[in-house]
Amino acid sequence: MTDAAAAAAGKVTAAFELAQVNLARLKFPLDSPELKDFVDALDPVNADADAADGFVWRLQSEEGDATDIEVFGDQWLIINMSVWRDTDALTAYMYQGRHREMLARRREWFERVREAMVTLWWVPAGHRPTVAEAEARLLHLRANGPTPYAFTLRTAFPAQGAEPVGFAVPEGLGCSV
């Protein structure tokens with residue numbers, strides 16, 4: 001079916017989807033009592049994401065989460081990577097329910113890091129980003145600031161990489177970059 005035919009049939013599919021990665025530096029080992037609440041919440045929070053409107057995909061290992069997937073060769077970093085329909089779908093999920101509760105408690109479990117630990121980028125619909133791709137995008141953001149190649153919710157770019165789009169992130173919950 002051509003794009004025009006799909007649009008006429010009401011079956012418009014986007015050419016791009018939004019990839020996001022966020023890293024966190026653990027304060028304690030994952031099996032420590034200090035991280036019990038975080039670890040216990042992973043399955044319910046991931047299930048909420050899987051059921052969220054606009055959710056497409058998330059990185060996971062055989063265990064169903066990504067806590068054992070290494071990033072930047074650092075065992076103290078954990079990764080969360082997912083693909084969403086767009087920034088609206090991602091933020092609607094991020095700032096409500098259990099995920100919002102987890103964000104509010106992040107300082108209990110994770111070190112405060114000065115460098116960017118979150119980035120977003122557009123991928124062709126159906127593409128599933130790799131950890132190496134996410135690392136490259138994050139390093140690009142750290143070196144260059146927000147660009148169409150790697151950006152933040154505060155300085156988002158449309159899929160075609162035109163002018164930046166401003167976006168309001170609730171105070172104290174978003175990426176500081």
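Mentor: From the N terminus on, the elements run α-β-α-β-β-α-α-α-β-α-β-β. That comes to six helices and six strands. This is a predicted model, where local features need pLDDT of at least 70, side-chain atom pairs count only at pLDDT 80 or more, and totals for chains, interfaces and linings use all residues. Residues are numbered from 1 along each chain as its sequence is written, and side-chain values use heavy atoms, with hydrogens and water left out.

Trainee: What makes a run of residues a helix or a strand?

Mentor: Both are DSSP runs, numbered from the N terminus: a helix is H or I with at least four residues, a strand is E with at least two. Helix H2, for one, covers residues 36–51.

Trainee: Why is Leu 42 called buried?

Mentor: Buried means under 20% relative accessible area, exposed means over 50%, and partly exposed is in between (1.4 Å probe, protein chains only). Leu 42 has a relative accessible area of 13%, so it is buried. Leu 42 lies in helix H2. Leaving aside neighbours within four places in sequence, Leu 42 is in contact (heavy atoms within 4.5 Å) with Asp 65 and Thr 67. Across the chain of 177 residues, 43% count as buried.

Trainee: Why does Phe 72 count as partly exposed?

Mentor: Its relative accessibility is 30%, so Phe 72 counts as partly exposed. Phe 72 sits in the loop between S2 and S3. Phe 72 also has a positive phi of about 55°, although it is not a glycine.

Trainee: Gly 64 is in the loop between S2 and S3 too. Why is Gly 64 called buried?

Mentor: Gly 64 has 16% relative accessibility, so it counts as buried. Gly 64 touches Asn 46 and Arg 58, not counting residues up to four places away in sequence. Gly 64 and Asp 43 are 21 residues apart in sequence, yet 7.8 Å apart in space, C-alpha to C-alpha.

Trainee: What makes Glu 17 buried?

Mentor: Glu 17 has 14% relative accessibility, so the label is buried. Glu 17 is found in strand S1, residues 16–25. Leaving out residues up to four places away in sequence, Glu 17 touches residues including Trp 84, Trp 121, Pro 124 and Arg 128.

Trainee: What lies 3.1 Å from a polar atom of the Glu 17 side chain?

Mentor: The backbone nitrogen of Gly 126 does. A polar contact is a pair of N or O atoms within 3.5 Å; within protein, one must be able to donate a hydrogen and the other to accept it, and residues adjacent in sequence count only if both atoms are side-chain atoms.

Trainee: Why is helix H3 described as largely enclosed?

Mentor: Six of the eight residues of H3 are buried, so the rest of the structure largely encloses it. The buried ones are Thr 87, Ala 89, Leu 90, Thr 91, Tyr 93 and Met 94. Their cover includes S1, H2, S3, H4 and S4.

Trainee: Which residue caps the N-terminal end of H3?

Mentor: Asp 86 does: a side-chain oxygen lies 3.2 Å from the backbone nitrogen of Asp 88.

Trainee: What makes a group of residues a nonpolar core?

Mentor: A nonpolar core is a set of buried Ala, Val, Leu, Ile, Met, Phe, Trp, Tyr and Cys residues joined through side-chain atoms within 4.5 Å. The largest one here has 28 residues, and those with the most contacts inside it are Phe 38, Trp 84, Tyr 93, Phe 110 and Phe 151. Its largest share, five residues, comes from H2. A second, separate core of 21 residues includes Ala 19, Leu 59, Leu 77 and Ile 79.

Trainee: How do helices H2 and H4 pack?

Mentor: They pack at an angle of about 145°, with axes 9 Å apart. Axes are lines fitted to C-alpha atoms, for helices over the stretch in contact, and angles run from 0 to 180 degrees between N-to-C directions. Phe 38, Ala 41, Pro 44, Val 45 and Asp 48 in H2 meet Arg 98, His 99 and Met 102 in H4.
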